[in-house]
Amino acid sequence: MQGRITVNLESVVNRKIVRKLFSYYGTSGKKRIDELFGAKKEKDLSAFLGRIPIRLALNIAMKKIGLTEEMEKAFFSKSFNKQTLLNIMATLGKNGLQLPFRFDGPLVIVWNYTNLCNLRCRYCYQSAGKPDENELNFEEKIDLIKSMVDANVSYLAFSGGEPIMGPRFWDVLSYASKYLHTSIASNGTLLEDKKLVERLADCGARNVFVSLDGATPDSHEFIRGKGNFARTIRGIQNLVENEHLHVGINSVVTRRNFHEVQSIINLAIKLGVNSFNHYNFIPTGRGSGGFSQDLTPEQREELMNLLNDYHMKRKETGLNIISTSPTFARVIYQRSGGGSTGLFHYTADAAMSLSGIIKYAGGCGAGRVYGAIQPDGTVSPCVFMPTVNIGNVREKKLIDIWRESELCAQLSDREHYHYYCKDYQYICGGCRARAMAYGDILGPDPVCVEYTNQLPQADLRAYAPEREAVPA
């Protein structure tokens, strides 16, 4: 069934006339897209005719995905979704529906706004602390946001460092929020000041994600520093009290806090946040060389199944479950008998109706769905690859860096990875940042049972020798 749907989808989308329509709406026909999002409709005949194909196509797509009329109205009420639609149109018009599938411009950008931070967290991928000497100035930051809009970026996540400490952060956030869906990643300690929380909402932020790596002071402060558990909890409570913000808890899971994950999730439910976000441990930044704290394949599988259990209870708990591990999509797919999976770290309950696009949309999105920008304007395929440089926005437009990157093209082409997972290559395919940390950016994530079950134990030890030295 899935193969037939995929073939039919490809045969329709890749027709010459259909691709020309996509190209039209992604370029000279952008006004027709603007009209869908509330712009005044032009009354001439060409405008009327131009509206017909896109309206018909959207009606079919919405029905196939399972969106109600109310959900459709909500989609078109958010201006940043226009960027998403334009990106899809430009991608399909230019390349059609084919493998490797890669967006014409990054859909999501994580921006390490500054390296400045009030904490010195043990596993910080950015090794944050003091600001970099060559960080973008205010004018360059505004120009960067304009280039994101031109590239049809929809989602912008401010990270760091601690982004709210960065120069003129509030001005930049306000400007970005006019055009993009903005979110903030914070350690939460400064947000015990309610005025800062109110300011985040006033400046247009939609989501705030706070790092919490334990359900007790001892476990959290082992990572984040003494005295910071209570400050972080107060920050989360202040965020939850603000009706304009969606709040998430981010947790990096290692061997040290593995057995505490359920307690952290239950604390998240008690605090009333909207999501629990599991972050893969990536041995990079201050975590470089920390392979001994990485989960075993069996622990990771247990964790993914625990997350799936809570995912299944989300209507009861009110807590959405997100993971940066592509493995989560594979576990959801297995546990649901193919009825659900994950797209770009998010779960998709209507996966059977989406089955025709899973091979294009599933798995790690580094360099094909999202990218990262460092404080000095350096562009990377993923925020967890801070040392990888594919260009700098001071020297070239973001869209040109993205389109011309050979590395990003390689990351998108799973047929030529150095390890091929025959059953789940397009549902999961492995985390590229973890593969890089273990020595081969196109290789496997060695802490995956689908990989390790196919390896002799001697080969596994050779691939990740440091992990074997520390008991689980």
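Mentor: We shall discuss the sheet, one of its strands, a pair of helices and a loop residue.

This is a predicted model, in which local features need pLDDT of at least 70 and side-chain atom pairs count only at pLDDT 80 or more, while totals for chains, interfaces and linings use all residues. Residues are numbered from 1 along each chain as its sequence is written, and side-chain values use heavy atoms, with hydrogens and water left out.

Trainee: What is the order of the strands in the open sheet?

Mentor: Strands of a sheet pair through backbone hydrogen bonds, either parallel or antiparallel. Here, ten strands form an open sheet with mixed pairing, in the order β7-β6-β5-β4-β3-β2-β1-β10-β11-β12. Its edges are β7 (320-323) and β12 (391-392), each with a single partner strand, so one side of each lacks a neighbour in the sheet. Helix α11 (residues 228-241) packs on the sheet and touches β4 and β5 (246-252); its direction makes about 165° with that of β4. Strands (E, at least two residues) and helices (H or I, at least four) are DSSP runs, numbered from the N terminus; two strands pair if DSSP finds at least two bridges between them. Contact means heavy atoms within 4.5 Å.

Trainee: Which residues lie on each side of β4?

Mentor: In a regular strand the side chains alternate between the two faces of the sheet. In β4 (residues 207-211), N207, F209 and S211 are on one side, with V208 and V210 on the other, and all are buried (under 20% relative accessible area, with a 1.4 Å probe and protein chains only). Strand β3 (residues 181-186) runs parallel to β4 and is joined to it by four bridges, with S183 opposite N207.

Trainee: At what angle do α12 and α13 cross?

Mentor: Two packed helices are described by the angle between their axes and the distance between the axes. The axes of α12 (residues 261-271) and α13 (residues 297-312) cross at roughly 25° and come within 11 Å. Axes are lines fitted to C-alpha atoms, for helices over the stretch in contact, and angles run from 0 to 180 degrees between N-to-C directions. The two helices are therefore roughly parallel (angles under 35 degrees). In α12, V261, Q262, I265, N266 and I269 meet L303, L306, L307 and Y310 of α13.

Trainee: Is N115 buried or exposed?

Mentor: N115 is buried, with a relative accessible area of 7%. It is found in the loop between β1 (108-112) and α7 (138-150).

Definitions and conventions
Parallel < 35°, antiparallel > 145°, perpendicular 65-115°, else oblique. Buried < 20%, exposed > 50% of the residue type's maximum accessible area, 1.4 Å probe, protein only.
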